[in-house]
Amino acid sequence: MRKKVIAGNWKMNNDLNESISLIKSIKENLVDRDNVKVIIAPPFTSLDRASQLISDANISLSAQNMCYEDSGAFTGAISASMLKSVGCEYVILGHSERRTLFGENNGDVNKKMKKAISSELTPIFCIGETLEERESGEMKNVIEKQVREGLDGISEAELSGAILAYEPVWAIGTGKVATPDQAQEVHAFIRNLLKELYSENLANNTVIQYGGSVKPENAAELIGQPDIDGALVGGACLKAESFVGIIKNA
Ligand code: 13P
């Protein structure tokens, strides 16, 4: 049985002091649930302290992005080994904000995926269509291209354990959540694609999270769908009460 994974993507929110308070508050309110894994992804500047603060809790640490190079003249970039050195186990890759605001394409995401995997960081690989792509009937083509190109050259053994996150761009930060049926349809499509590209075994064992306006009120119904294995949460992870509320309802 696949675990449910609830991850909080803090995006560009919370300086160090704010990060410390939020983590303390999450820890105070957190309830351990057997089949639910909890991950937080604070900004780079808070990762080191976050790692210390969560060391006695059932919370794992993720970064929000990383560079595909190992080291050198890449001003402003952060490497996989740097992330590992501050306690990250996960890294979010290909988030739609990276793709649309910072120009990352499927090829860049593929290089990052390979570097994360070879560095033993677990990728949270994000895919999703825009409203325009959905309305023009291109949704499945776009998602298939993101999956095929993002995973190009990655073997089944390498991909095993990675997390996928379906985040329809039109649902991110808009309050317009995909209906459980809409999300389930795409999750089943992605799982089927994994089966085609790899195997039934990999498809059945891969966690596919949903992201986009997830809140405590809609989490249960979304995560209750057969192919939705948790949530990648933005806005609602910035308050301990709503983040823990989602974990409780997962
Ligand atoms: P919101 O939950 O704010 O819609 O953001 C989702 C997201 O982008 C998580 O990565």
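Predicted model: local features only at pLDDT ≥ 70, side-chain atom pairs only at ≥ 80, totals over all residues.
The strands form a closed barrel of eight members, in the order S1-S2-S3-S4-S5-S6-S7-S8, and their pairing is parallel. From one strand to the next, the twist averages 25°. Two of the pairings can be described in detail. Strand S3, comprising residues 60–63, is joined to S4 by two bridges, and these strands run parallel. Within this pair, Ala 63 is placed opposite Val 91 of S4. Strand S7 (residues 207–211) is likewise paired with strand S8 (residues 230–233) in the parallel sense, over two bridges. Here Tyr 210 stands opposite Ala 231, a residue of S8.

Strand S4, which spans residues 90–93, is covered on both faces. Tyr 90 and Ile 92 lie on one side, Val 91 and Leu 93 lie on the other, and all are buried.

Attention now turns to the helices. Two packed helices are described by the angle between their axes and the distance between the axes. Helix H1 (residues 16–29) packs with helix H2 (residues 44–53) at an angle of about 30°, and the two axes are 10 Å apart. Because angles under 35 degrees count as roughly parallel, H1 is roughly parallel to H2. The crossing in which H1 passes H2 is right-handed. On the H1 side, the contact involves Leu 16, Ser 19, Ile 20, Ile 23, Lys 24 and Lys 27. Their counterparts in H2 are Thr 45, Ser 46, Arg 49, Ala 50 and Leu 53. By class, five nonpolar, three polar and three charged residues take part in the contact of H1 with H2.

A second pair is formed by helix H11 (residues 216–223) and helix H12 (residues 240–249), which pack at an angle of about 30° with their axes 8 Å apart. At that angle, H11 is roughly parallel to H12. The crossing of H11 and H12 is right-handed. H11 contributes Pro 216, Ala 219 and Ala 220 to the contact, while H12 contributes Ser 242, Gly 245, Ile 246 and Asn 249. The contact of H11 with H12 comprises four nonpolar and three polar residues, with no charged residues.

Several loop residues were also examined. Most residues other than glycine have a negative phi. Lys 11, although not a glycine, has a positive phi of about 55°. This residue lies in the loop between strand S1 (4–9) and H1. Lys 11 has a relative accessibility of 21% and therefore counts as partly exposed, since that class begins where the buried class, under 20%, ends. Asn 14 is located in the loop between S1 and H1, and the phi of Asn 14 is positive, at about 80°, although Asn 14 is not a glycine.

Gly 103 is located in the loop between helix H4 (96–102) and helix H5 (106–118). The relative accessibility of Gly 103 is 52%, so this residue counts as exposed, the cut-off for that class being over 50%. When residues up to four places away in sequence are not counted, Gly 103 touches Arg 98 and Asp 108.

Methods:
Residues numbered from 1 in each chain as written. Heavy atoms only, no water. Axes fitted to C-alpha atoms, helices over the stretch in contact; angles between N-to-C directions. Helix = DSSP H or I, 4+ residues; strand = E, 2+ residues; numbered from the N terminus. Parallel < 35°, antiparallel > 145°, perpendicular 65-115°, else oblique. Left-handed = near helix turned anticlockwise from the far one by under 90°. Contact = heavy atoms within 4.5 Å. Nonpolar A, V, L, I, M, F, W, Y, C, P; charged D, E, K, R; others polar. Buried < 20%, exposed > 50% of the residue type's maximum accessible area, 1.4 Å probe, protein only. Pairing = 2+ DSSP bridges.
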